[in-house]
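Here are my notes on this model, point by point. Please keep the structure open while you read.

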Amino acid sequence: MVEKSRAPLFETKSTKNLFIFRSYALSVFVGIVFIFCYRVHRLPEPNTAAKWAWLGAFFSELWFAFYWFVTVVVRWNPVHRRTFKDRLSRRYEKVLPGIDIFVCTADPVIEPPTMVINTALSVMAYNYPPEKMSIYLSDDGCSDLTFYALLEASQFSKKWLPFCRKFNVEPRSPEAYFESAVKSLDDSLKPQEWLSVKNLYEDMKQRIEAMAELGRVPDDIRKQHKGFLEWHSVSSRRDHQTILQILIDGTDPTAVDDEGQPLPTLVYLAREKRPQYRHNFKAGAMNAMIRVSSKISNSPIILNVDCDMYSNNSDSVRDALCFFLDEENGHDIAYIQYPQNFDNLTENDLYSSSLGLINHVEFHGLDGNGGPMYIGTGCFHRREALSGRKYTPEGKTESSKMDCHDQKQVSAGVLEETCITLADCAYEENTDWGKEMGLKYGCVVEDVLTGLSIQCRGWRSVYFKPERKGFLGVAPTTLLQSLVQHKRWHCPFVYGHRKIPLKLQLCYCNYLLWAANSLPSLYYVTVPSLCLVRGISLFPKVSSLWGLPFMYVVIATMAYSAGEFVWTCRSTLRGWWNDQRMGLYRRTTSHFFGFLDTILGLLGVAKTAFIITEKVAADDISKRYQQELMEFGAPSPMFTILTTIALINASCLIGTTIRFVMHGQALDQLAMQIGWCGSLVYINLPLYNGLFFRIDEGRMPASVTYKSAIFALLAFALAWV
């Protein structure tokens, strides 16, 4: 019986000094009210092009005002968390719960095996009793190359884990560690041992990459492990039986490292896939691992990470347990979400991949309003909550228990045979899996919907951002990759109605309305500029008092946004401007296509698709990325939209300027519109550079330029109708 203590395992502090933010919010709200007063009282003549353009601007501004209100709600009550791992150790060290760690991969080309095993090794080396850890690799690509790499990693772990313990290595991904370690430690024994382990890793990496380049595992290697026999029955990556191999059996007394310490359990799983069954992408893989792990280890805590998101903090497990095991406030916590960070960002974060505002501002706000979303990686789950159990205050004592269910000591071979059916295609038929149990199906943002459904069952979540980042991944190195990643962000926002607090519902709207946000954004970046060509004014004169609220709202919002980004996110002004540009690009392309996918899916015209972005870039692309040159290169409908918008705004600005110079008309009436058009031209400078000036392989494809020019001409023709 663990002796309870009044000392909490974590503390929660509300953010102080919110006076500036709340004063800003109040003043902008007043400005918005005046803007709407102007719109209502200054309607143009009926049945004119000016009136329809005016109404479009009015409704767009109504939407922007609502969305701005949502962002204010998110930021209104942020909280920060702090853990006390020393108290956890004193109180629970001898009875720490088991933890199952899920690593997901789906394609050995896009997600190279060396990357996958680095993530696996980083979590195997956690500062946690290894006999209480079980690592499961889900390979939805069913690749014998990935299996071979994991087999190599299982042998290398016998050297790597003792090395990490002895020298307190951080990070514990071998690739990341040896890249960052400039020199060995001062210990006289270190240089030789450091070089020895590094050489072992380089040799292993070379063997794995040689196999990947060859494209197959040679027969002499296949004879070394029975698991390779399974690939004799594999027709393709989309048509194969379940392959389950326990490479390290943590319950086997002989499964030890070079220092005689036990190794964590290591399991390879490629769930069954057949053409006639829907496999439900990553959600299906996660649910298969939940079932399989329940028979092998059945740990009460589950951590899931993407294969490119290695552990950067060896104490992450202990931090998470401070929340789950807190006697007073931990019983209703379903999951602990860590921020998603990246280790390959440029100085000014060219593609705004750092998720700076989300990690540093917004998720703290969600935490204060009921809990953050589940974002699919870097998340510690309570197994019972993830498996569909509802939380009730009466079940507080039961849900607080963290002991693993007693597992019978069964050999690895027997477990492999008995667990195979749990990953079969037909297992989920006529069950609640994907509905009330496990991750949700039917939506490409299965993570967000799953987290929301867990909160709707009475659980809460916690956002934890430690001083040392918990996980580091690979950010997109091209514009198209970045846009495609954000195309997945859409799903119904009414799901939690009357099931979670209204303020948390509104916080979710900050993300779940991204898709709908695309329509007014597209209107506002095209129509006001086209109206310039016809001399239609959509804004008040600069000299008019009505112009003050427009100018104040824009200037105050931009100034606060820049200050918040630079101060809170520890970034640069150029980084903020890149963030503004990418926000515009995503709203007008990624979120627009996400909106179309949602509508077409509801109509039954199209099916949802999960797109995996490449994690490794060619040398020339990487070089341009480090130089912060925007990468276009390949044609895409998204680039066509961006280029069309850029050409429209540039043409309107040039045409309006020429007209005013030649005819000497006053600028007062259209000055605000010209300023808006000019800002759109300025934000698109990298795109114009790719269109007209660059000669490298990363320039905009000519086919995109021609199509966009035609669409821009059509837009001008329609504007004159």
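Predicted model: local features only at pLDDT ≥ 70, side-chain atom pairs only at ≥ 80, totals over all residues.

1. Residue numbers count from 1 along the chain as its sequence is written.

2. The main core. The largest nonpolar core holds 185 residues. Within this core, Trp160, Ile336, Phe380 and Leu479 touch the most other members. Helix 5 gives the most to this core, with 13 residues. A second core is separate and has 26 residues. Val28, Phe36, Tyr38 and Trp68 are included in that second core.

3. A cis peptide bond. Look at the step from Glu170 to Pro171. The bond there is cis, with omega near -10 degrees. Pro171 sits in a loop, between helix 5 (144-167) and helix 6 (174-180). Most peptide bonds are trans.

4. Positive phi in two loops. Most residues other than glycine have a negative phi. Asn298 has a positive phi, near 50 degrees. The loop that holds Asn298 runs between helix 9 (281-296) and strand 7 (301-306). Is Asn298 buried or exposed? Asn298 is buried, because its relative accessible area is 10% and the cut-off for buried is under 20%. Leu355 also has a positive phi, near 55 degrees. Leu355 belongs to the loop between strand 10 (341-342) and helix 11 (356-368).

5. Three strands make an open sheet, in the order 8-13-10, with mixed pairing. Which strands are at the edges? They are strand 8 (310-311) and strand 10, and each pairs on one side only. Strand 8 and strand 13 (residues 471-473) run antiparallel and are joined by two bridges. Ser311 stands opposite Phe471 of strand 13.

6. Helix 19. After helix 19 comes Gly535, with a positive phi near 75 degrees.

7. Ala650 and its contacts. Ala650 lies in helix 23 (residues 637-663). Its relative accessible area is 16%, so Ala650 is buried. Which residues does Ala650 touch, not counting those up to four places away in sequence? Ala650 touches Val681 and Tyr688. The C-alpha atoms of Ala650 and Tyr682 are separated by 9.3 Å, with the two residues 32 apart along the chain.

8. Leu596, Ile599, Leu600, Leu602, Leu603 and Val605 make a nonpolar surface patch of about 570 Å². Take Leu600 as an example. Leu600 lies in helix 21 (residues 573-602). With a relative accessible area of 32%, Leu600 is partly exposed.

Conventions: Heavy atoms only, no water. Helix = DSSP H or I, 4+ residues; strand = E, 2+ residues; numbered from the N terminus. Buried < 20%, exposed > 50% of the residue type's maximum accessible area, 1.4 Å probe, protein only. Contact = heavy atoms within 4.5 Å. Core = buried A, V, L, I, M, F, W, Y, C linked by side-chain atoms within 4.5 Å. Patch = residues over 30% accessible without salt bridge, like charges linked within 9 Å, V, L, I, M, F, W, Y side chains within 5 Å. Areas by Shrake-Rupley, 256 points an atom, 1.4 Å probe, with all protein chains shown as cover. Salt bridge = Lys/Arg side-chain N within 4 Å of Asp/Glu carboxyl O. Pairing = 2+ DSSP bridges.
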